[in-house]
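My entries follow the structure below.

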Amino acid sequence: MSHSNSFLTSTEEEAKEYQDRYKILYLVVGVATLLIVGRLWFLQIIQGQELREYSERNRVKEVKRPAPRGLILDREGRVLVDNLPGFEATISPQYATQLEKTAEAVSEVLDVSAKEIIAEVKTSRRRNGPFRDVRIKDNLTLEEVYRLKMLRWDHPGLKVNEVIVRHYPLKENGAQLFGYVSEISRQQIEKYNKQYQGKFIFEQGDIIGKQGLEEEWETLVRGTDGMYFVEVDARGREAVQENSQFLGLEPSPEVPGNNLILTIDKDIQQAAYQAMQRDDKIGPRIGGLVAILPNGEILAWVNTPSYDPNEFSTGISSKLWSRLINDPFKPLRNKIIQDHYPPGSIFKPIVALAALEEKVITANTKIFSPSQFKFGRRVYHNHSRTNYGEIPVTKALELSSNVFFYKMGISLGINKIAKYASALGIGHKTHIRLNNEVSGLIPTEEWKKEALGEEWQPGENLSNAIGQGFVLTTPLQMALAYSAIGTEGKLYKPMLVKKVISNQNTIVKTFESELVRDLSQPQEEGGTPLISVHSFKVVKKGLELVANGARGTARWWKIPGVKMAGKTGTVQVRSFSADQIYDKCLERPIHQRHHGWFVGYAPAENPLITVAVLAERSCAGSSGGAPVVRDVIQAFLKKYHPEKIIAPQPKPEIKSDPDNTENPESAENNDHSE
Amino acid sequence: MITANNIQVEGRTLFNRVDWNFAFVIFALNVIGLINLYSATHGVHSSGNSNLFWMQIIWLSVGWAVYFVVTLIDYKFFIRFAYLFYALNLAALAAVMLFGKSFYGAQRWLDLGVFRYQPSETMKFVMIMILAKILAKKKITDGLSFKDLALPGVLTLIPFILTVKQPDLGTAILIAAISASLVFFVRVKKSILIIGLLIGVITAPLVWNFGLKSYQKNRILTFVSPGRDPRGTGYNSIQSKIAVGSGKVWGKGFRKGTQSQLEFLPERHTDFIFSVLSEEHGFIGSIFTVSLFIVLYLMGIRIATQARDKFGSLIVIGVLSYLFWHMFVNMSMVIGMMPIVGVPLPLLSYGGSSLVATMAGLGLVSSVAYRKYLF
């Protein structure tokens, strides 16, 4: 082959010119190889394990699956609170690439405006970041679910999730007792995590119990959330890959919470709610009702007006929330323990016990009880302004004579009254396991000096002796005190939860009723009891007369075959000028009306149930409280002791209906006017 | 000695004169590249990418056709038209500036209808040819003088500046690196070497302040401390290091690399193809691949030493420096030894222009080998 190209003059010798240059090439390649291999060695061998773990964490996302909360059952195992499967629609801000269009489409299916959806997603993205799904609507109907699922393909980020919804089949009934659930607040996360010190970990988005049993028993009811791992790609999308191994990360399935078995009886609870909704002249009662067994077990717990806790399970609207908190009758409050009230005349039996024990009177001592009574410079009245003449203590209770108890108050003094009231639990927390219980108040001379810096005035003995003045109590305290009177001395701790059972049906905890003290037993070895059985029997006789005596203040309310005992109370919450006093209470504006109390038990000799009712603004205990208590006791006896009830005659109460004949309202109208 | 060679030559057929060992090593790298590309383009969510694999096979076929055609043509043929190629390629680079397609904020491609042509890619080979032509004519005794370097310098500077302006700093640096390799291979006077070094040290701060765009500075800063912005500029570097390191000794297995399959790795079928390989085949697989490249270089250097003329030697050295610098820069960036610059890994990265150009370059080497015994 010839090489005629003029510019190519190279020969073999000339090519050898480079011979000594090649070693530089070997050197460069050698150094480069060393660098690369050295670096690979460092990354893959030395840092290999660390970077492998890092790559695993990179792709593994923890997904929390909330455990279903435990059920709340009544004493017979019937459901009071359970869980329902539900559907919610959410939008993931990170994937919602065409938010406007998506919102538009979703608003057509759901009854939510597109503007609202966009605003909500944008707010959440700003506040919680793009990874947190934004809930658009809960409680979807099956049709909505179906239509949304069709939309999903064209609208990235739109999701329909299956969720567990806490369900309260009794709705408004017992809402304050069971409580409700909703998302944990930022402050609560901090508080709870501090409180439980890592035993339970609360995070944003967790659903927790608020109020009532749901809150109080949170840690037992909530269960353990499941932890799953999914593989995600760099954009957070879940990858579908089989046989994924995540460096020994074991998924933990969710464990449902424990079930609570309550002392509540669903039938009695419903009867009690019905009774509070009584359709009479006063109308649905505002207040609280608690029914207990002699050993402190609570059968029914009703506060009215109420709210539907199901609304919270699915995310309460701000409109409804503001309506609830602005309602003057406080539907969210557990009035049975959360509010204290002056007891009024239902305090009188306690003063009677004190008078008997302190030997101020005997069962037969007759005290002159005129229509009015002058003490110091003031004149005190009997509520009906009737002169009762000379009456014993039983009669004084039957008639609810103020003057009789004014005299007892003068003779006893507040400290002696306080001793017996305290022994019966009044003015002290019952330590029922529910939040926000108030203690109430039993004043003493020392208390007033300390709290108000003033001397106790002798006149105050009078008002406090009839449950006005400083005395404050709760419906629950009164129920327990009356139960102690009925059982002649046995004061029990209130009990709501009988048993905690796991989802495997094993017993986690059992609770026994707890006797606080037996007042009829000697206080110390060989001593004397605080209150003798005899005194109890005397007071019980008086209470029996209230419902059964010819002039008893609650004589209209009877249960055929069974004698009910109890005491009415009417609490004036406002002072009236002289001309207003004689106005009919029910004709006054509602905020000027009296509160009515009735605490009763049956049968009168050997009570099986005690019921306390506070009926705010019902004007009188006799008409506001007594019929409600009677209804509940009757329902209880019908269920548990039907043999004790005489078959009801056709509507016997029509004749004795106070609206027709005698009006109990007038009988006790101006109970405590001064 | 000459007679002996002639006797040898007569005994050889056309077929036997091709260096099949060299071709085999290239083919082995092709196969590794394809296996790896398949994995990189068949991730969990990348169904839309799977045709890239078949495209690469087509490009590979084209590449091998070019390889053999170039092998059979005397490399001197190309040298003859070196200046013409240079002028055409410069025109193409200028055209890119005017009508080029813009991707990721840079204009690098000319749309030729059937495919997109990246003139800066072929410029590298044109530089090899033109410099080989110039340098082969020099009679070297004590190295190239300043006068000798003037023309090569100017010829390099023009495409360098045009490429920087695209902006494609990576390719520009590689063009400069290939030119410099050839010049240094031929030998440069010691005084010039020292002066060049000094100029470099002095101009570096000026280039930093006035020559580099902010994203380019960012890349360098991020390289120095990747934790600076792990979700931003440093992300690619960190994810790539995790991918490589997590492969450990044996790798996670074919298509089991979570970093690549789950798209944590960016550009995994092009610039970051080596991290896919390192993740799935570990230290062993990486070393094996690096070794194949080394074998290719050693075989190439051997061909250069046996070339029948200086011109052939320089062509081979030029192509080898092309391969070497691409490999070294790409791997260094993938394993975190260098800032992220967009340089593909020859024979392994997806991309038609790069693959066909590489195969053409290797064809030149093969052509030199083919003619080593011919005079």
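I looked up burial in chain B first: buried residues make up 57% of its 375 residues. I took buried as under 20% relative accessible area, exposed as over 50% and partly exposed as in between, with a 1.4 Å probe and protein chains only. This is a predicted model, in which local features need pLDDT of at least 70 and side-chain atom pairs count only at pLDDT 80 or more, whereas totals for chains, interfaces and linings use all residues; side-chain values use heavy atoms, without hydrogens and water. Residues are numbered from 1 along each chain as its sequence is written, and chains are lettered from A and ligands numbered from 1 in the order in which they are written.

I noted 16 helices and three strands in chain B; these are DSSP runs numbered from the N terminus (helices H or I, at least four residues; strands E, at least two). Of the contacts in chain B between residues at least 6 apart in sequence, 74% join residues at least 24 apart, where contact means heavy atoms within 4.5 Å.

I then examined one helix pair in chain B. The axes of H6 (residues 82-99) and H8 (residues 146-164) of chain B come within 9 Å and cross at roughly 25°. That makes H6(B) roughly parallel to H8(B) (angles under 35 degrees count as roughly parallel, over 145 as roughly antiparallel, 65 to 115 as roughly perpendicular and the rest as oblique). Axes are lines fitted to C-alpha atoms, for helices over the stretch in contact, with angles from 0 to 180 degrees between N-to-C directions. On the H6(B) side I listed Tyr83(B), Tyr86(B), Leu90(B), Leu93(B) and Met97(B); H8(B) contributes residues including Leu151(B), Val154(B) and Pro159(B). The residues of this contact divide into 11 nonpolar, two polar and no charged.

Lastly, I located Asn334(A) in the loop between helix H13 (318-326) and helix H14 (335-338) of chain A. Asn334(A) counts as buried at 4% relative accessibility.

Definitions and conventions
Nonpolar A, V, L, I, M, F, W, Y, C, P; charged D, E, K, R; others polar.
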